[in-house]
Amino acid sequence: MTNGERAITQTGMDVDWDAAAASFDDEPDHGLRDPEVRRAWSSRLRSWLPERASDLLDLGCGTGSLSLLAAEQGHRVTGVDRSPVMVDRARAKPAGRDAAFLVGDAAAPPVGEERFDVVLVRHVLWALPDPGRVLRHWRGLLRPGGRFVLVEGVWGSTAPTAGIPADRLAALLAPLAEDVRVERLSEDARLWGKDVDDERYAAVATVN
């Protein structure tokens, strides 16, 4: 399997995400249970998302931790994940906030004709077979002036690694967006609950 022009050695498609759901939130950046980690992600999200209340599509939302943060900031959130167990756990979290969760394929989410101001994706695109095609489909889900917020990386500092490099993702976004900004995240240990030495970043891109 290839990720654009870069071979990857493992994919999220190989994981039983229903089985993984029970321990998924144990990772600091998944469950956001540590107050410092939670504050770090909340601050980053606030800087990436529109200031006004917006319609946000969180693809590969897992147990909904980022969806919940975005909803707490006033956004109307639709989360999509292929794992019914992950979605059940996400649905148990919002408690009255403006968030809904659907079971479906992140590459082709079941949202019909609905369009969004933001497509938010964390650690999903790298695992999909044709990221360029997927990005073009996601572009069609955005309203004019909408934005991508894509958190990705290359995991592992020595070969074999898995992921999609920032320069490759920026190149894929360039034909679809009028502004692409890459923000490096590896140096901010608060986001991960530990020091990391691999490539982690966010690509924020505004479409026409």
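Q: Which residues on the other side of helix 1 are exposed?
A: Those are Ala19 and Ala22. Keep in mind that this is a predicted model.

Q: OK. And which ones in helix 1 are buried?
A: Ala20, Ala21 and Phe24 are buried there.

Q: What do the buried residues of helix 1 pack against?
A: They pack against helix 2, residues 28-31, and against helix 5.

Q: Let's stay with helix 5. At roughly what angle do the axes of helix 1 and helix 5 cross?
A: They cross at roughly 35 degrees. The two axes come within 7 Å. Helix 1 covers residues 17-24, and helix 5 covers 84-91.

Q: Which residues meet there, between helix 1 and helix 5?
A: From helix 1 you have Trp17, Asp18, Ala20, Ala21, Ala22 and Phe24. From helix 5 come Pro84, Val85, Met86 and Arg89. The residues of this contact divide into 8 nonpolar, no polar and 2 charged.

Q: What happens at the start of helix 1?
A: A side-chain oxygen of Asp16 reaches to within 3.2 Å of the backbone nitrogen of Asp18.

Q: New topic. How many residues does the largest nonpolar core have?
A: It has 33 residues. Leu135, Trp138, Phe148, Leu150 and Leu169 have the most contacts inside it. Several elements each supply at least two residues of this core, including strand 3, helix 6 and strand 10.

Q: What lies apart from that core?
A: Another core, of 23 residues. Trp48, Leu66, Ala70 and Ala71 are among them.

Q: Back to Leu169. What is it in contact with, leaving aside neighbours within four places in sequence?
A: Leu169 is in contact with Leu125, Leu135, Leu150, Glu152, Ile164, Tyr201 and Ala203.

Q: And helix 6? Which residues are buried there?
A: Pro131, Gly132, Val134, Leu135 and Trp138 are buried. They cover an arc of only 160 degrees around the axis, which puts them on the same side of helix 6.

Q: Now Trp41. Where does it lie?
A: Trp41 lies in helix 3, residues 35-48.

Q: Why does Trp41 count as buried?
A: Because its relative accessibility is 0%, and buried means under 20%.

Q: What does Trp41 touch, beyond residues up to four places away?
A: Asp29, Leu32, Trp48, Leu66, Leu69, Arg122, Val151, Leu191 and Trp192.

Q: Leu32 is on that list. Where is its place?
A: Leu32 sits in the loop between helix 2 and helix 3. It counts as buried, at 2% relative accessibility. Its phi is near 55 degrees, a positive value in a residue other than glycine.

Q: What about phi of His123?
A: His123 has a positive phi of about 60 degrees, and it is not a glycine. Its place is in the loop between strand 6 and helix 6.

Q: Last one: Asp55. Is it buried or exposed?
A: Asp55 is buried, with a relative accessible area of 15%. It is found in strand 3, residues 55-59.

Q: Which side chain does the Asp55 side chain make a polar contact with?
A: That of Arg143, at 2.8 Å. Not counting residues up to four places away, Asp55 also touches Arg76, Phe116, Asp117 and Val118, among others.

How values were computed: Residues numbered from 1 in each chain as written. Predicted model: local features only at pLDDT ≥ 70, side-chain atom pairs only at ≥ 80, totals over all residues. Heavy atoms only, no water. Helix = DSSP H or I, 4+ residues; strand = E, 2+ residues; numbered from the N terminus. Buried < 20%, exposed > 50% of the residue type's maximum accessible area, 1.4 Å probe, protein only. Polar contact = N/O pair within 3.5 Å; in protein donor to acceptor, adjacent residues only side chain to side chain. Contact = heavy atoms within 4.5 Å. Axes fitted to C-alpha atoms, helices over the stretch in contact; angles between N-to-C directions. Nonpolar A, V, L, I, M, F, W, Y, C, P; charged D, E, K, R; others polar. Core = buried A, V, L, I, M, F, W, Y, C linked by side-chain atoms within 4.5 Å. Arc of directions from axis to C-beta.
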